[in-house]
Amino acid sequence: MLADTLARQGYQVVEFGKETDLLVLNTCSVTENAEKDCRYAVRKTLRHSPHAFVAVTGCYAQTGATQLQKVPGIDLIVGTQFKMNLPDYLPSPANLRKQPEPELRHSRTIDREDFVLPGTAYSDSTRALLKIQDGCDFMCSFCLIPFARGRERSRTADDVLREARELAAHGYRELVLTGVNIGRYSHGGLGLLELLRELEAIPDVTRIRISSIEPTTVPTSLLEHMAASTKLCHYLHLPLQSGDDGILKAMNRRYDIQEYEELVEQARALMPDLGLGTDLMVGFPGEDEQAFANTVRTAERLPFSYFHVFSYSSRPGTAALRLEDRIQPAVIRQRSRTLAELSRAKTLTFYQQQIGRTVSVLFEQGERDGFRTGTTANFTRVAVAVESVSAGAMHDVTVTGIMDGLAYGHLVTPPDTRSYRPLL
Ligand code: SF4
């Protein structure tokens, strides 16, 4: 969205890593490594573009402004409260010059009011991200996000629908709803389910996908709606974090394993083709061998199609910082590897289950070794011969096999070489 605003002000957006006059860095602070990556991106850009004006915003700009002020080469630091106004703080393109020290636009507190966003977040994919919510009140003990993003608040429904219509009019076939804790969406009497109904009523919106959603915010009514809907993807990413009740409690997560499993069982009973992803954290303080074994067993047992594995990172100001029984980095690395291997095996099993099925695939830009790939509603990546299909097209494909982490197959409907999404 910032890129769109800047482009409308006359900037030309260049590919990251190419010479530039301006770097706008939207930072992450979820782990120490993410912060390190941000500092590295500043150094790397200044190496090929020493004159570039560097503006840093995002979560790290909110939680680590003092630290960022000491990083050489940064000209502007914009905290969460003022993030979407960043273009207003830039000098005109003709006056972009490095500053003797960074200007700081930052406030400790962040508004709790529901919000609107300026413009439209175009992407170079056939899928568009549609932000509906920000902030979180859950206070998991390892998590810095409530401090970086503030209390939970929702984007006004009118503004969500306005952007959705614009994206659909620009040819985006799939909208991915994003936010920090989207299950808590609430504006003007609409919850997530009601918002979904409004979005599905937009004729040009073909598919809607819910991104990561907290397990305790998924009611039966949402699952039933997902099962019956022709537009809402049969896909859930439900962060589990640990398969051990003691660790979940120490993490201040709001469910135990039994509750999580019941939710998954219910979802699968309604949608046997469900694509189910999760996040798992390794190395949380106190995660002994038994606790980790419980996580492995739970991850094996549940019908996940993939998981993202994160290493615990101690974050300033979080409750977990005070916990003892730290886990050795070498043990954390080994546990990460174990879970990553398990995730690959689960993905393979999930993909094998797709063989013989006819699935609807939304194809994307680009090609790989003569194949064009796209995704199904349950997030299986499917490849077909590139000449048979255009980017942005949606087709029924019969899956005949798997290779290199992809399913492949042939079109059921005739080849289609039309051009879909207008190039921006
Ligand atoms: S629900 Fe997610 S964003 Fe909120 S505190 Fe927990 S981990 Fe962080």
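# Close-up views of a predicted model

View 1. As in every view here, the model is a predicted one. Look for Phe-379 in the loop that runs between β16 (371-375) and β17 (381-385). Its backbone deserves a glance too: phi of Phe-379 is positive, about 70°, although the residue is not a glycine. For context, most residues other than glycine have a negative phi.

**View 2. Asn-252, another positive phi in a loop.** Here we visit the loop between α10 (245-250) and α11, where Asn-252 has its place. Phi of Asn-252 is near 65°, a positive value in a residue other than glycine. With a relative accessible area of 39%, Asn-252 is partly exposed.

View 3. Gln-81 sits in the loop between β3 (76-78) and α5 (86-89). Is the residue buried, partly exposed or exposed? Gln-81 is partly exposed, since its relative accessible area is 24% and buried would require a value under 20%. Beyond residues up to four places away in sequence, Gln-81 touches Gln-62, Ser-107, Thr-109, Ile-110 and Asp-111. With Asp-111 there is a polar detail to zoom in on: the side chain of Gln-81 reaches the backbone nitrogen of Asp-111 at 2.7 Å. To set the scale of the view, Val-116 is 35 residues from Gln-81 in sequence, and their C-alpha atoms are 13 Å apart in space.

**View 4. The second largest pocket.** The volume of the second largest pocket is about 450 Å³. How many residues line the pocket, and which lie nearest its centre? There are 19 lining residues, and those nearest the centre are Gln-62, Arg-108, Ile-110, Pro-146 and Phe-147. Three helices, α3 (59-63), α4 (65-69) and α6 (145-149), are the elements that give two or more residues to the lining.

**View 5. Helix α8 and its buried side.** The buried residues in α8 (192-200) are Leu-192, Leu-193, Leu-195, Leu-196, Leu-199 and Glu-200. They lie on the same side of α8, because the arc they cover around the axis is only 160°.

**View 6. Helix α9 and its buried side.** In α9 (residues 220-228), the buried residues are Leu-222, Leu-223, His-225 and Met-226. Their arc around the axis is only 165°, which puts them on the same side of α9. The cover over these buried residues includes α8 (192-200), β11 (207-210), β12 (235-237) and α11 (257-270).

**View 7. Leu-46 in helix α2.** Helix α2 (residues 32-48) holds Leu-46. The residue is buried, with a relative accessible area of 17%. Leaving aside neighbours within four places in sequence, the contacts of Leu-46 are Ala-52, Val-54, Pro-72, Gly-73 and Lys-98. Ile-74 is 28 residues from Leu-46 in sequence, and the two are 9.7 Å apart in space, C-alpha to C-alpha.

**View 8. Ala-121, a buried loop residue.** Ala-121 lies in the loop between β4 (103-105) and β5. At 17% relative accessibility, Ala-121 counts as buried. Apart from neighbours within four places in sequence, Ala-121 is in contact with Met-1, Leu-129, Glu-163 and Leu-167.

**View 9. Leu-411 in strand β19.** Our last stop is strand β19 (residues 406-411), where Leu-411 lies. Is Leu-411 buried or exposed? Leu-411 counts as buried, at 16% relative accessibility. Not counting residues up to four places away in sequence, Leu-411 touches Phe-363, Val-384, Ser-388, His-395, Asp-396 and Val-397. Tyr-60 is 351 residues from Leu-411 along the chain, and their C-alpha atoms are separated by 46 Å.

Technical notes
Residues are numbered from 1 along each chain as its sequence is written. This is a predicted model: local features need pLDDT of at least 70, side-chain atom pairs count only at pLDDT 80 or more; totals for chains, interfaces and linings use all residues. Side-chain values use heavy atoms; hydrogens and water are left out. Helices (H or I, at least four residues) and strands (E, at least two) are DSSP runs, numbered from the N terminus. Buried means under 20% relative accessible area, exposed over 50%, partly exposed in between (1.4 Å probe, protein chains only). Contact means heavy atoms within 4.5 Å. A polar contact is a pair of N or O atoms within 3.5 Å; within protein, one must be able to donate a hydrogen and the other to accept it, and residues adjacent in sequence count only if both atoms are side-chain atoms. The arc is that of the directions from the helix axis to the C-beta atoms. On a 1 Å grid over the protein atoms alone, a cavity is a set of points where a 1.4 Å probe fits but cannot get out, and a pocket is an open set with protein on both sides within 12 Å along at least five of seven lines; lining residues have an atom within 4 Å of a point. Grid points are joined across faces, edges and corners, and a volume is the space filled by probe spheres set on the points.
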